[in-house]
Structures are given as C-alpha cells and as structure tokens.
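Please read it alongside the sequence and the coordinates.

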Amino acid sequence: MFYREAGDFKTTYSADNQTFPIKIDRVGYYVALVVAFLIIPFMINDYWANAILMPFLIYSIAAIGLNILVGYCGQVSLGTGGFMAVGAYACYKLMTSFPEVNIFFHVLLSGGVTAFVCILFGLPSLRIKGFYLAVATLAAQFFLVWLFNRVPWFYNYSASGQINAPERTVFGVPVTGPNTEAWATYLFCLVFLVICAVIARNLTRGMAGRKWMAIRDMDIAAEIIGVNPLKAKLTAFGVSGFFIGISGALFFALYLGAVEVGEAFGITKSFLVLFMIIIGGLGSIFGSFAGAAFLVLLPVVLKVVGVDMLGWPTDIVAHLQLVIVGGLIVLFLILEPHGLAQLWRVAKQKLRLWPFPH
Amino acid sequence: MKTKFATMAVAAVMAAAPAMADLVFPSLSYRTGPYAAGGIPFADGYADYFTLLNERDGGIGGVPTRLLECETGYNTEKGVECYESTKGEGALVYQPLSTGITYQLIPKTTADGIPMHTMGYGRTSAANGKVFSHTFNYPGTYWNGASGAINYLLDENGGDLNGHKIALVYHNSAYGKEPIRTLEELQKKHGFELSLLPVDHPGQEQKSQWLQIRREKPDTVLMWGWGVMNQVAIQEAANIRFPMENFIGIWWSGAEHDVLSAGAKANGYKALTFHNVGRDFPIFEDIQKHVVDTGKAAGAGDQVGNVLYNRGMYAAMLAAEAAKTAQEIHGTADITPAMMRDGMEALSITEDKMAGLGMPNFGPSFDVSCENHGGPGLVGVTQWDADSQTWSLISDFAETDMEVIGALIAEDSNAYASENNIEMSCN
C-alpha cells in the first residue's frame, strides 16, 4: 500500500533519475527538511543542541565519510579519529591565521586539507588490502595524534597544548566560541550535513560510486572491465577525507570549543564511527544517519532512564551502558548483519504489500 | 521514536520544574574508566560533606543542599553533556575535576554566569580574576606546585640547585604540560637541568621513560600523573631501584591507591599537597555519626579519610563556606549562581573558621579577592610510610615563588584576554 510506484508517472529523464523516485519517500524527505530547518531551530535549547543534536549531526557527517570509504569502496580504515583531528587542527590554524575569512570557508578548506592527508595515507591501499590496510590506517591514527601533540606549531605554542576556538560569526551571528545560541550552531552544522549528504548520495549513484562498488565487490574484475583502481581508491580516500575533515572541524569549533588531541581524537573515536556504520549499514547513506543516531542517543537515553528516572547510582548506569551497548552491537551483528538500513529496506518491502501480503 | 518522545518528555519536565527550594551542587564525577581510582574518593568526599551539612545542620543557612551527580568518565564530550543537563537546575558551582573539561567549561560558564572552582587543577592563569571572572582556583595552582617542589629541593640541597638534574614525568595532556613553563623559568633562575618525559594517555606503558631515567640518572624525578599512570610510575621507579625519597609527585599523584600496589618498595615516596592529610580531625566523628552510620555515605563508603576523600571534602567545605558568604552578602538564603560567584570572590578562610568546622589546620588561611582567584598558593610536602600505610605531612605549608608565577600568570591570562576580546574587570 505504501512505497508503491503506481500512479507516480515520470515524463522526463531527469524525473526518472531523481534521488527519491518514489513519491512517499520524496514527501518524507521534504518533510524532514522542513522540520529540521524551520521547526527545530525554534524549539531547540542548549541541552538538546549540545547533548543530542550537534553530536548527531557531526557524527552523521563522519559516518557518511567513512561509509564511502569502507561501505562503498571496501577499504577498511581505522584512522577516522586521526583524520578528524586533521580537520580540527586545520580549522584551528585557519581560524587563527585568517580571522577575517568566514568560518564557513575555513570548514570547507579543512575538509580539503584532510582530503589531501587522507589520500596520502591511502596510497598504501594500492598495494595492500583488508586487515593489512586496516593496520596501515591505524598507523595514520597514531601518527597524526602524536604529531599534533608533538609539534607546537599546530597548537600555536600554547602552554597547555590545547586548542580553543575563538569567536567567529556568520551573518553577524556567532557560531563558535562561548556566546553562541543553540539554534545558530545547530543550523550551521545542519547546512553542512545536508550538503554532504546530497553530494554523497549523488556521488554514490553515479559513475564514481559504481566504480567504488566495483572495486569493493572484486577488484580484479573491476580492473578488467576498465575501472582504474588507482583513481577509484584514491578518490574514495579523498572524498571520505573531505567529509571526515568537515566533521572534525565542526566537532572542534562548534561542538567542543576546546580540544585536546589525544583525548578527543583517540583510537576510540575511530572505533565509534566504525561501529556507527556497521550498526547503521555498510554502503548506505541512510545507514550512516541511523547508526549515528543510534550510538549518540542510546547512552543519553540510558542515562535519562537510569539516573534521572530510576535514580540509580551514576557508576552503575555507566557500567550498564557499556554492557548494553556492547550487547546490542553483538546482537545486531548476529540478527541483522546489514544493519539498520537493511531493517528499513525490509520494512519498506513489507509496507509495499501490506495489508495484502499475497 | 517512542524513546525519543520519552526523553523529550523527561527533558521538558526537567526544564519546566526548576527546584528553587534547595541549593544545587552538581558533581561531575567519574567512577568509571582509567581515572576512576582517583575520581571515586574525591566524589565520595564531596558528596559526604554535603550529606553531613543536610543531616547535621539542615543544609546551608537553613536551606538544604542537593547534589546532582553526573558521570563524565574523565571524557570531555560527556562533560559537556553533564554540564548542559545540570545547569538548568540552578547549579551554583561546577567542579569538574578534569583539566580538559575545565578548559571547555571556562568560556561556557562565563557566558552562562555560573562560577567554576578548579581546586588545584585546570587553567593556572585563571588565578587572574581580572580576566577570568567566573573561574576560581584557590587555594593553589599547578605553578605553585612546580615552584613548591623546587623550593623544597632548594631547602634539601642547601639553597643551591646548580647542576642538579631534574626529570619531569608527565601525563601528555593539557594537565601534564601545565608545569613545564614554570619549571623552565625556574631553571633559568636556579640553574638546574630539566628533562621532559611525556607519558601518553592512559599511562600504562612507561618502560621507555623509566629506561631513560635509569640511563640519565637524574637527582630528582617530578611527576604530573593521574589515574593508572601513578601506580605504574611508582612501580617502574621501584623496579629500577630509583630512591623513592627523590621521587616527588604533584598532589594528584599522592593518594593511598597510587602507592599501595608497589607495596614496601614505595616507602618514602613524596607528594605535594595543599591541604592536610589523615583522619585526626573532629569532623570525621561527625561524618561517622551522621553519614556513615546512617548508611547515607556515597559510593561504597570505604574511602573516608583517604587523601583524595579529604580533598573532595575540602572542596565541598570551600563551596559551602562560599555559599554561606554569599548568603550573608545578599541577605537571602536562596542564592543564585551570580550571588554564589560574589560569595566565592569574598571568601575568607581563617584558622578559627576551620577549627569551628571541625577541621583545624586542615588547609591554609586565605582571602579571595576580585584580582586574585588563585589564593596564596602555599604548598606542603607529604611522605608515604609503607609500614603504617599512612601519608604524613613532613613540611609546613610554604610560600612559593610568586615573582616568577605572577609574571607567567599575567602573560598567559593577558594572551587569553586579547585572543577572546575580554575586558578587564575589577576596576
């Protein structure tokens, strides 16, 4: 009954090629955009912005980036934390060196810098695969964190080695620094997320995405049918790095405001983003959103239920949280290895037939 | 979606019903993770003191206190979430017990008008109240600690440290890097040699650092460690047979759990402190009677009298005294965060006051002023006795080199002020 093409006539090629060919999907997409842009900014408060929505938006960008690399191109990466750090430190250096330039361009440029670094560390992928590549990107993770801790130029020689985001404005409204309004930072991140998601969606539907998937499914066969593995793999690293860099820059400048590289961008961050795309669904843009939402919301929900509603001691709730998150990950991998995105696909299939399954 | 609505409903209820009837003290504690060993006793001490006030005196100035505990795991992201979720409840003062979270909260608390007290940690230059209006770090800072350690060494070595070799083993983070600049300045002044040995989070792997110490044979090792790093360092020092009496830790590296695992070999290890240690204070009888015996002790209730428990209790005492001062200044028992800030700025701790609270000679006497949020910076030295398993104070609370530290504080805080366009207050 739902999600049917019936009655939705396409009369042009562009209509046939659109992102959401099914009407109900399209309507849902526009409704989500309207809610996100026109309703939430008027209802948001500091707690919702800083505890739930901002991390969700920023991790979604990171998850989309990693999903392009791991889910679409099949190149396992454990360097996400390090690449986010590149984005954050690039943003910091740009913000402090060129204070007159708008922060919007700084964030885009930090994505560019990260894309470059990511391509550099992607070079070994031309020779090694699978676990060995994972180890190579793990080296990137440790090297980058060490670098930002070791070379004082990156943190402008501050005594503590911390980087702090100075105040920057967009159209006169502060988006970084302490005097920000919740709606401003939220909208700034949302704009980036929407741009990134649209780019990622269209890249993966087009030639570039098909090349990546060909490499992922079988690289030798892909090479035989004319896919250049050098170009395909390096573009995947580059695009992925661009998104991860943007998320790192936003994570530092808008969300945390002050960052210490070892603590904020350590190996745990790499694993967290990897878990997001595994739980959400490899090779799916929707999955990146679902995974990020799941791993951002779950701890908050558990805390609200455990501490605020049931009044349990905080340490017991914190330990329970580890147990529950770990248990759910295992459960998910057993029951639905393709993640939340696959659950959604199955639900859609069922909805098409409902209420007459035969 | 259901859970989403449930959390939304809970958040709405929390936002709609700010309990104005009591004084709210949030405790951003960490009872999990690699730093829990230090976080638990501090959080217990902090909670127990407020419980004691409620049970014995009916709160502060007749208004009961309410402790909001939020688990951060020493993680800055969770720290932000805890801050945002508690600030709406009328939180009077934040004490995050983490230098990383402190750096994050300094601009946020200033913008929200809530004071923050970072007792013996955080950003040292926040001692300059002209720049950091809402951040306090009395009674002492890391730079006092660094200078205090050097002064102690000067005393031990007859006032001359020329050619003396000092190695600093530090947690490779904002926290551990704090003393470096002060030590470098003092190095110029006193002519000792300084070598820096960073240890990465969480600090379980220190073989190479201690190998280097074994090779370089420094006369003294200073340590800025926290959490599991302390135990490992003391064990490694024992393994290379480094003389423990020449090994001095900062106040965050000198609690029972840090030295117990190395057993008898840790005997003689020293640590700095800015408050007294041990259980020989009348207040512990009250805590035993009103808190422990009534089953209201925080956590497992087994930390009473430990070094970090005392520190948590001391932090709570200073917060409660500041709240009392605020009540007197503003003539109302139901104070706001802005009033609390005034109270902290006018706080005066005297020996009589501490004796009256059952904590005679527990810490230094000091007055906070608008310009000086850092207190007098008096530093004492404690030593571990492995036989009796006790820490004891082996020196007086001594002055530190405020000439050097004051200049550094002015330099760093002015740089912060110009970076963030802050106008100097206190005029």
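Into which domains is chain B divided?

## Domains of chain B

In this predicted model, chain B is divided into domain 1, made of 21–141 + 278–377 + 407–419, and domain 2, made of 143–272 + 380–402. The centres of domain 1 of chain B and domain 2 of chain B, taken over C-alpha atoms, are separated by 26 Å.

Between these domains, 20 residues of domain 1 of chain B are in contact with 25 residues of domain 2 of chain B. On the side of domain 1 of chain B that touches domain 2 of chain B, helix H2 (36–57), helix H4 (99–112) and helix H11 (307–330) of chain B each supply at least two residues. By class, that side of domain 1 of chain B has 10 nonpolar and 10 polar residues, and no charged residues.

## The sheet of chain B

In chain B, 7 strands form an open sheet of mixed pairing, in the order E6-E5-E7-E8-E9-E12-E13. Strand E6 (193–199) and strand E13 (390–393) of chain B stand at the edges with a single partner strand each, so one side of each is left without a neighbour in the sheet. From one strand to the next, the twist averages 25°. Helix H5 (residues 142–156) of chain B lies across strand E7 (220–224), strand E8 (247–249), strand E9 (270–273) and strand E12 (380–385) of chain B, and runs at about 130° to E9(B).

## Helix packing in chain A

How do the helices that pack on H10(A) cross that helix? Helix H4 (residues 80–97) of chain A and helix H10 (residues 229–256) of chain A pack at an angle of about 60°, with their axes 7 Å apart, which makes H4(A) oblique to H10(A). H4(A) passes H10(A) in a right-handed crossing. Among the residues that make the contact are Phe83(A), Met84(A) and Tyr92(A) of H4(A), together with Ile244(A), Phe251(A) and Phe252(A) of H10(A). By class, the contact of H4(A) with H10(A) has 15 nonpolar, 6 polar and no charged residues.

The axes of helix H5 (residues 103–122) of chain A and H10(A) come within 6 Å and cross at roughly 135°, and H5(A) and H10(A) are therefore oblique to each other. The crossing of H5(A) and H10(A) is right-handed, and by class their contact has 16 nonpolar, 10 polar and 1 charged residues.

## Contact between the chains

Across the two chains, 33 residues of chain A are in contact with 36 residues of chain B. On the side of chain A that touches chain B, the elements that give two or more residues are helix H3 (46–72), helix H11 (261–264), helix H13 (285–309) and helix H14 (314–335) of chain A. By class, this side of chain A has 15 nonpolar, 12 polar and 6 charged residues.

Notes. Residues numbered from 1 in each chain as written. Chains lettered and ligands numbered in written order. Predicted model: local features only at pLDDT ≥ 70, side-chain atom pairs only at ≥ 80, totals over all residues. Pairing = 2+ DSSP bridges. Helix = DSSP H or I, 4+ residues; strand = E, 2+ residues; numbered from the N terminus. Axes fitted to C-alpha atoms, helices over the stretch in contact; angles between N-to-C directions. Contact = placed C-beta atoms within 7 Å. Nonpolar A, V, L, I, M, F, W, Y, C, P; charged D, E, K, R; others polar. Parallel < 35°, antiparallel > 145°, perpendicular 65-115°, else oblique. Left-handed = near helix turned anticlockwise from the far one by under 90°. Domains from an automatic or database assignment.
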